[in-house]
Amino acid sequence: MTESTLHITNGESLTAYLQELNFEGDLLSWNEMLCEGPTVNDVASPAFLKLRKAFFKDTYGFDYKEKEFKSEIKRLDRINDYERVILWFEYDLFCHINMIAVISLLIQKKAVIPMYLVCSGRIEGENELKGLAQLTPKQLNDHYSNKIKLTVDDIALAEKAWSIYCSDDHSNFGPLITRPSNFVYLSNCLKAHVRRFADTRSGLNTLEFNILKLIDTHTINSRHHLSGYVLHYQGFYGYSDLQIERIINNLAVFYTETEEELLLNREGHLVLEHQKNVFNSIENQMIYGGVSKRDFTYFKDENKLIKTTLNAH
């Protein structure tokens, strides 16, 4: 094989950018969205593909690109023909769930070559966290020069995180949040993940609650306008506009929509004031890996997930 490096990127836009900058090596684009929908530990197995196809069809109404996915994954059958693999993933939850799945897949493919990580986020002299495709050519090359070689412990941590994500008990993420590793943003992403479950006080998760706060504190002209705000202020989630729009639509019972703006209704104000728990009033069927969003609630006082009981709400 003439190319000794395999680059696995977080999507086609970054792949195109690396090609434009003439990075040496083969490029593989990872186009999945594993932070939502059901998963199983065995990435790319028939069971995995069946679950993903059904999820995208039922939730977003489009067909899963199974043929393209299989084609890319098949290239990993000869992973050890390469001398190294470079993982290009960003600081957010969207990327990190994909990243731990990719690392697990590489181990499932019996990879024994060194793995390196190029991860963007905080940039010196800049206030906002940056995605890889947002970096200048110099910044991207600097990130590449400073790539981190993953240790055996790092790889084991990623495998453990993926295993827990695919399991039915996400309270097991607790010890991983404080475990030191070369994954600088993993702790932040896991904290963001556990807050995707409904808060025990309001019945909404952190992102849903913050969306209602945005409506309450800003003049929001439309759902599209709100979507732009949320995309900008979502922190470590890294959600796409498609995901944000779905959440905004699910929250429609808490606001009224006029031609000029969105306004919180009485129900919305009660939720923000923690005077009403709306756990059973909104769509909570989203699956995160191996659990339903309904399976756990987030207890802020102890910063942990607790199993939802039938009579808890």
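**Stop 1: strand E4**

Select E4 and strand E5 (residues 115-118): 4 bridges join these two strands, which run parallel. Strands here (E, at least two residues) and helices (H or I, at least four) are DSSP runs, numbered from the N terminus. Two strands count as paired if DSSP finds at least two bridges between them. Strands of a sheet pair through backbone hydrogen bonds, either parallel or antiparallel.

Before moving on, know what you are viewing. This is a predicted model, in which local features need pLDDT of at least 70, side-chain atom pairs count only at pLDDT 80 or more, and totals for chains, interfaces and linings use all residues. Residues are numbered from 1 along each chain as its sequence is written, and side-chain values use heavy atoms, with hydrogens and water left out.

Now pick Val85. It stands opposite Met115 in E5. E1 and E4 pair in the parallel sense, over 5 bridges. Thr9 stands opposite Trp88 in E4.

How many of the 5 residues of strand E4 are buried? The count is 4, so E4 (residues 84-88) is largely enclosed by the rest of the structure. Buried means under 20% relative accessible area, exposed means over 50%, and partly exposed lies in between (1.4 Å probe, protein chains only).

**Stop 2: the sheet E3-E10-E11**

Select E3, E10 and E11. These 3 strands form an open sheet in that order, with mixed pairing. Strand E3 (37-38) and strand E11 (291-292) stand at the edges, each with a single partner strand, so one side of each has no neighbour in the sheet. Strand E10 (residues 287-289) pairs with E11 in the antiparallel sense, over 2 bridges. Click Tyr288: its bridge partner in E11 is Val291.

**Stop 3**

Follow the chain from E3 towards helix H2 (46-60); Thr39 is in the loop between them. Is Thr39 buried or exposed? Thr39 is buried, with a relative accessible area of 4%. Show its contacts (heavy atoms within 4.5 Å). Leaving aside neighbours within four places in sequence, Thr39 touches residues including Phe48, Leu51, Trp162, Tyr165 and Gly289.

Ala44 is in the loop between E3 and H2 too. Ala44 is partly exposed, at 24% relative accessible area. Check its backbone: phi is positive, about 75 degrees, although Ala44 is not a glycine. Most residues other than glycine have a negative phi.

**Stop 4: the sheet E7-E12-E13**

Select E7, E12 and E13. They form an open sheet of 3 strands in that order, and the pairing is mixed. Strand E7 (198-199) and strand E13 (304-307) are at the edges; each has a single partner strand, so one side of each is left without a neighbour in the sheet. Strand E12 (residues 296-299) and E13 pair in the antiparallel sense over 4 bridges. Phe299 has Lys304 in E13 as its bridge partner.

Now click Asn303, in the loop between E12 and E13. Its phi is near 50 degrees, a positive value in a residue other than glycine. Asn303 is partly exposed, at 43% relative accessibility.

**Stop 5: helices H9 and H11**

Select helix H9 (residues 206-217) and helix H11 (residues 241-250). Their axes come within 11 Å and cross at roughly 70 degrees. H9 and H11 are therefore roughly perpendicular to each other. That label covers angles of 65 to 115 degrees; under 35 is roughly parallel, over 145 roughly antiparallel, and the rest oblique. Axes are lines fitted to C-alpha atoms, for helices over the stretch in contact, and angles run from 0 to 180 degrees between N-to-C directions.

Which residues meet here? Leu207, Glu208 and Ile211 in H9 meet Ile244, Ile247 and Ile248 in H11.

**Stop 6: Leu21**

Go to the loop between helix H1 (12-20) and strand E2 (26-29), where Leu21 lies. Leu21 is partly exposed, at 23% relative accessibility. Leaving aside neighbours within four places in sequence, Leu21 is in contact with Pro137 and Leu140.

**Stop 7: the cysteines**

How many disulfides does a search of the whole structure find? It finds 0. A disulfide is a pair of cysteine sulfur atoms within 2.5 Å. Cys95 has Cys119 as its nearest cysteine by sulfur, 7.7 Å away. Cys95 is buried, with a relative accessible area of 3%. Finish at Cys189: its sulfur is 7.9 Å from the closest cysteine sulfur, in Cys119, too far for a bond. Cys189 is buried, at 1% relative accessible area.
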